[in-house]
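Hi,

Here is the structure I promised to pass on. Have a look at it first, and then read on for what turned up.

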Amino acid sequence: MSLLAVENLGKEFGGLRALDDLSVSVDRGELVGVMGPNGAGKSTFFNCVSGVVTPDEGRVLLDDADVTGDSPEALARAGMVRTFQHTRELETMTVRDNVRLAAPGQPGERTLPALLRTGSMRDREREVRERADELVEAFELDHLADEYSGSLSGGQRKLLELARVLMLDPDLLLLDEPFAGVNPTLTREIAERIRALNDDGMTVVVIEHELETLTELVDRLVVLQQGSLLVEGDPETVLSDERVIEAYLGE
Ligand code: ADP
Ligand code: MG
């Protein structure tokens, strides 16, 4: 049984077919790479799966439940979270606060007078603070914790975004180009984090545009072209497939 399955997904934007009869499934515990030339529909695939965009056709199944068109918040509660190709942290907030605020179900600090806060709210707040500090440290952002996020490098932002989604404690993590614009050292670091999360049981799907980057990391590669599945299989077989090479040459 798959943890995630999309069936015959279709999505059009003003006459342009971004997804065309796409069916892909991911088993629990897998680490899967999604590749394809620019404009192949990779981000649209994530957008449809994560409730950011509603597909015109087809279904999205999470743990066998039909979640097509469910909101990103509902899907996060069901255990699925995603990052965006362009990071979305708040630049005028500190790194630590960006991580803390990603946590769900926090009592509103500004709207509720401190005197009215109950013990369980205070416990929850402490839990959030501790978890955020753990993640900031685990991602080696502790020396930057009190800096504004706007001052981070592209690679550090990707680490921050990973820390933020992990506050939601997902079963299924969707990462849209986590290595884009990241230097080789941080790329290795981010890849190791992804590998470690998967070793701990998290199911992960990673989008990557470049060939090769995912070869060492993932169990299986799925290649999209013009909104459809072109090839899938183990990384070495996929990367030596003529159709894949051709799709990239034609870019
Ligand atoms: P990829 O992530 O593989 O580079 P995308 O999924 O971002 O590809 O885009 C696939 C196609 O759909 C592109 O032609 C893109 O311009 C178009 N597209 C994606 N999102 C939108 C949108 N919100 N509005 C209009 N066109 C879009
Ligand atoms: Mg994209």
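Predicted model: local features only at pLDDT ≥ 70, side-chain atom pairs only at ≥ 80, totals over all residues.

Staying with the cavity: the structure has 1 cavity of 30 Å³ or more, and the space in the largest cavity is about 50 Å³. Its lining is made up of T83, F84, T87, K158, E161, L162, L175, D176 and P178. Two elements, α5 and β7 (172-176), supply at least two lining residues each, and α5 gives the most, with 3.

The largest pocket holds about 610 Å³ of space. It is lined by 19 residues, and those closest to its centre are P72, A76, V81, R82 and L168. The elements giving two or more residues to this lining are α2 (72-77), β6 (80-82) and α5, with α2 giving the most, at 4 residues. By class, the pocket lining splits into 11 nonpolar, 1 polar and 7 charged residues.

The domain assignment gives domain 1 as 2-89 + 155-250 and domain 2 as 94-151, so you will see domain 1 written in two segments, as the assignment has it. The domain centres, taken over C-alpha atoms, are 28 Å apart, and the contacts between the domains involve 13 residues of domain 1 and 18 residues of domain 2.

Next, the metal. Which protein atoms are the donors of the magnesium ion (ligand 2)? They are S43 (OG) and Q85 (OE1), at 2.1 to 2.3 Å from the ion. These two come from distant parts of the chain, 42 residues apart: S43 sits in helix α1 (residues 42-49), while Q85 is in the loop between β6 and α3 (95-100).

In α1, 7 of the 8 residues are buried, so the helix is largely enclosed by the rest of the structure. The buried ones are K42, T44, F45, F46, N47, C48 and V49. Just past the end of α1, G51 has a positive phi of about 80°.

- D63 has a phi of about 55°. D63 lies in the loop between β4 (57-62) and β5 (65-66), and is partly exposed, with 39% relative accessibility.
- E177 has a phi of about 50°. E177 is in the loop between β7 and α6 (184-199), and is buried, with a relative accessible area of 9%.

Finally, two residues from the interior. Is S149 buried or exposed? Buried, because its relative accessible area is 0%, and anything under 20% counts as buried. S149 belongs to the loop between α4 (119-138) and α5 (154-166). Apart from neighbours within four places in sequence, S149 is in contact with E89, L90, E91, M93, T94, V95, N98, R157 and L160.

The other one is A132, in helix α4, which is also buried, at 0% relative accessibility. Setting aside neighbours within four places in sequence, A132 is in contact with V99, R100 and M167. A132 and R100 are 32 residues apart in sequence, yet their C-alpha atoms are 5.3 Å apart in space.

Cheers

Terms used: Residues numbered from 1 in each chain as written. Chains lettered and ligands numbered in written order. Heavy atoms only, no water. Buried < 20%, exposed > 50% of the residue type's maximum accessible area, 1.4 Å probe, protein only. Contact = heavy atoms within 4.5 Å. 1 Å grid on protein atoms, 1.4 Å probe; cavity = no way out; pocket = protein on both sides within 12 Å on 5 of 7 lines; lining within 4 Å. Points joined across faces, edges and corners; volume = space filled by probe spheres on them. Nonpolar A, V, L, I, M, F, W, Y, C, P; charged D, E, K, R; others polar. Donors = N, O, S within 2.8 Å, 3.2 Å for Na, K, Ca; no water.
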